[in-house]
Amino acid sequence: MASALVVCLLATGADQADPAAFDLRLAVDGGLAWFRAQDTAPDLLVGDGDSVAPGDLDWARSAGTEVQLVSADKDYTDFDLALQVCEQRGVGEVTVIGALGGRLDQELGMLGALLRHQALRVTVRSATQFATALFAGQRYLCEEPVLSFGLVAAEAAIVSVSGARWPLDSARLEPLSTVGVSNEPLTGEAPEVSVVSGAAFFIGQRA
């Protein structure tokens, strides 16, 4: 399965990812600065260009980066465009950095984009936490160490959680309910989530 690294505006040196480990490297607007700091040009730059430094744009073009700029007068975000491009290019797994820690409306829109692109397995990461969307019929085993985690329903969902201090068994979560938040993994076990119906976000606090 092809993989992509998507880097957004808020990426800093604290966001650790190896561009060479991915099949497609994609900068979203000002996320281009992160690639330049790594001295690794992305394969593609997408966005409306409002947060791209001219020097970074010249650097990327000279390094052979494909540039896909769109009008700022649009009813979708640059992040939506990035996920659309990933789907068009046959990507299955997407790692996103630089999308957390900014404006709340942008973050909510980003999470909504995960719901609109269910064909992709997207994990959004920062230095301290990560989030991924889970859908009906999916099982998710959290294989990386977490200090705590939450399961937040994006729509009414029936879920089960095991390997956790507070397990759930076919529990109904209402949208944005706090029933599934602030959970902890059992010592020596990995939390596992099953989604029977609906959709939910798994949000892990990294150990």
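Colleague: Where is S3 found?
Modeller: S3 is in strand β1, residues 2-7. Helices (H or I, at least four residues) and strands (E, at least two) are DSSP runs, numbered from the N terminus. Before we go on, this is a predicted model, so local features need pLDDT of at least 70 and side-chain atom pairs count only at pLDDT 80 or more, while totals for chains, interfaces and linings use all residues. Residues are numbered from 1 along each chain as its sequence is written, and side-chain values use heavy atoms, with hydrogens and water left out.
Colleague: Is S3 buried or exposed?
Modeller: S3 counts as buried, because its relative accessibility is 12%. Buried means under 20% relative accessible area, exposed over 50%, and partly exposed in between (1.4 Å probe, protein chains only).
Colleague: And what is S3 in contact with?
Modeller: Leaving aside neighbours within four places in sequence, S3 is in contact with A21, F22, D23, L24, V91 and E93. Contact means heavy atoms within 4.5 Å.
Colleague: Switching to helix α2, which residues are buried there?
Modeller: In α2, residues 54-62, the buried ones are D56, L57, W59 and A60. Seen down the axis of α2, they fall within an arc of 160°, so they line one face of the helix. That arc is taken from the directions from the helix axis to the C-beta atoms.
Colleague: Why would residues three or four places apart point the same way?
Modeller: Because an α-helix has 3.6 residues a turn.
Colleague: Which exposed residues does the other face of α2 carry?
Modeller: P54, D58 and S62 are the exposed residues on the face turned away from the buried side of α2.
Colleague: What covers the buried residues of α2?
Modeller: The cover includes α1 (32-37), β3 (44-47) and β4 (66-69). As for what follows α2, that is G64, with a positive phi near 95°.
Colleague: New topic: how many disulfides does the structure hold?
Modeller: The count is 0, where a disulfide is a pair of cysteine sulfur atoms within 2.5 Å. For C86, the nearest cysteine sulfur is that of C8, 10 Å away. C86 is buried at 0% relative accessibility, and C142 is buried at 2%.
Colleague: How many salt bridges are there?
Modeller: There are 11 salt bridges, a salt bridge being a side-chain nitrogen of Lys or Arg within 4 Å of a carboxyl oxygen of Asp or Glu. One of them pairs R116 with D80, with the closest N and O atoms 3.0 Å apart. This pair links distant parts of the chain, since R116 is in helix α4 (residues 104-116) and D80 in helix α3 (residues 78-88), 36 residues apart.
Colleague: Are R116 and D80 buried or exposed?
Modeller: R116 is exposed, with a relative accessible area of 52%, whereas D80 is buried at 11%.
Colleague: What does R172 form a salt bridge with?
Modeller: R172 pairs with E174, and their closest N and O atoms are 2.6 Å apart. R172 counts as exposed at 51% relative accessibility, and E174 as partly exposed at 39%.
Colleague: Which residues are linked in a network of salt bridges?
Modeller: D48, K74 and D78 are linked that way.
Colleague: Last one: where is S126 found?
Modeller: S126 is in the loop between β6 (121-125) and β7 (129-135). S126 is buried, with a relative accessible area of 14%. Not counting residues up to four places away in sequence, S126 touches D15, L100 and R206.
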